[in-house]
Amino acid sequence: MAAQQTRARPRVWVSRPLFDDMTDRLREYFDVQAETEDHAWTAAQVGEKLRDMHGAVLGVSDPVDARAIAQAPRLRVLANTAVGYDNLDLAALTAAGIVATNTPDVLNEAVADFAWALLLAAARRVGEGERYLRAGRWQGSSFHLLLGGEVHGRTLGILGMGRIGQAIARRAIGFRMPVIYHNRSRLEATVERECNARYASRDELLRNADYLVLVLPLTPANRHAIGTAELALMKPTATLVNIARGGIVDDAALAAALSEGRLAAAGLDVFENEPALYARLPTLDNVVLTPHIASASLDTRRAMAGVAVDNLIAALGFGAHAGRPPNVLNPEALQTSA
Ligand code: GLV
């Protein structure tokens, strides 16, 4: 404590409104500049904000590029409030000895719940039904009104079988759905059994899934992992769900497939140029669109904020884990910044 009083307090930027009690925890250690409104920050704006900071808590879409890093000489840690970190130039951060952290695990179950919400809504035309009612078009029951796809018993495909993919697969047991998955590496047999999931090649997955859920990180290799060629392999009766990242799907190719009947439906929580939408998507009835909220249950968002705050406090050398932030993405930087 005595040391804390004699040295200047590190400066920390919080790029988006968190929860007040979490920001107050940061204030115990740091001079905090906390934004009170959400803002779609550009890389240049983030760079300006970071200039004099020692650390920052960032939102999932706040971009940090090599230029911002070069002009922030005091910066020691960026704590992302997300499991994904494609908004960060990790190589440049590591080269500069700046620690980056994320919030894995605490959001697995909430995101898996939401993947199912989108899957069911797209298959059973929940959005269309709601729009129909709100437009005052319902004139009474019709046997053929809004007929959708069957869910239970159909084949669930999962592309990317990390912890979120596994949580999605476990839920399929209740729907009595066979599960096939593709992943960079095959899961251990015990995990496959627990998830009731069978490993498949990428092509087999695309050809056989009635519901295909994407749970891949966005990396250069995964950009447009689902484009025209992949959509052409899928059944025209299939439904695609993306709760992972925009850019994994080629939105223009998807919109074309949906409007030409080459794919039955889609449920999308993420988009190529968020917050903008590919203009054709919202004109299509057979797509359910949500604004990147898969982890947005109150408890989960609080847990994510808490993990980000813990990471930041520890990376700047305070708290119970001083010097050992729990979720470091680039341990090499931790060594140089120590
Ligand atoms: C949300 O998209 C996350 O990566 O946590």
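Start with helix 2 and helix 13, where Asp21, Met22, Arg25 and Leu26 of helix 2 meet Arg302, Ala305, Gly306, Val309, Asp310, Leu312 and Ile313 of helix 13. Contact here means heavy atoms within 4.5 Å. By class, that contact has six nonpolar, one polar and four charged residues. For the classes, Ala, Val, Leu, Ile, Met, Phe, Trp, Tyr, Cys and Pro count as nonpolar, Asp, Glu, Lys and Arg as charged, and the others, Gly among them, as polar.

This is a predicted model, in which local features need pLDDT of at least 70 and side-chain atom pairs count only at pLDDT 80 or more, while totals for chains, interfaces and linings use all residues. Residues are numbered from 1 along each chain as its sequence is written, and side-chain values use heavy atoms, with hydrogens and water left out.

Helices and strands are DSSP runs numbered from the N terminus: H or I of at least four residues for helices, E of at least two for strands. Helix 2 covers residues 20-27 and helix 13 covers 298-315; their axes come within 10 Å and cross at roughly 5 degrees. Axes are lines fitted to C-alpha atoms, for helices over the stretch in contact, with angles from 0 to 180 degrees between N-to-C directions. Helix 2 and helix 13 are therefore roughly parallel to each other. Angles under 35 degrees count as roughly parallel, over 145 as roughly antiparallel, 65 to 115 as roughly perpendicular, and the rest as oblique.

Next, helix 6 (residues 108-123) and helix 8 (residues 163-172): the axes come within 8 Å and cross at roughly 55 degrees. That makes helix 6 oblique to helix 8. Among the residues that meet are Val111, Ala115 and Trp116 in helix 6, and Ile164, Ala167 and Ile168 in helix 8. The residues of this contact divide into eight nonpolar, one polar and five charged.

Now the ligand. Which residues surround the ligand? They are Val60, Ala82, Val83, Gly84, Leu107, Arg245, His292 and Met304, taking a heavy atom within 4 Å as the cut-off. An oxygen atom of the ligand is 2.6 Å from a side-chain N or O atom of His292. A polar side-chain atom of Arg245 lies 2.7 Å from a ligand oxygen, and for Val83 a backbone N or O atom lies 2.8 Å from a ligand oxygen.

Last, the loops. His152, in the loop between helix 7 (126-134) and strand 6 (156-159), touches Phe175 and Met177, not counting residues up to four places away in sequence. Arg176 has a positive phi of about 50 degrees although it is not a glycine; Arg176 lies in the loop between helix 8 and strand 7 (179-182). The peptide bond from Glu274 to Pro275 is cis, with omega near 5 degrees, and Pro275 sits in the loop between strand 11 (265-268) and strand 12 (287-289).

Note on methods: A polar contact is a pair of N or O atoms within 3.5 Å; within protein, one must be able to donate a hydrogen and the other to accept it, and residues adjacent in sequence count only if both atoms are side-chain atoms.
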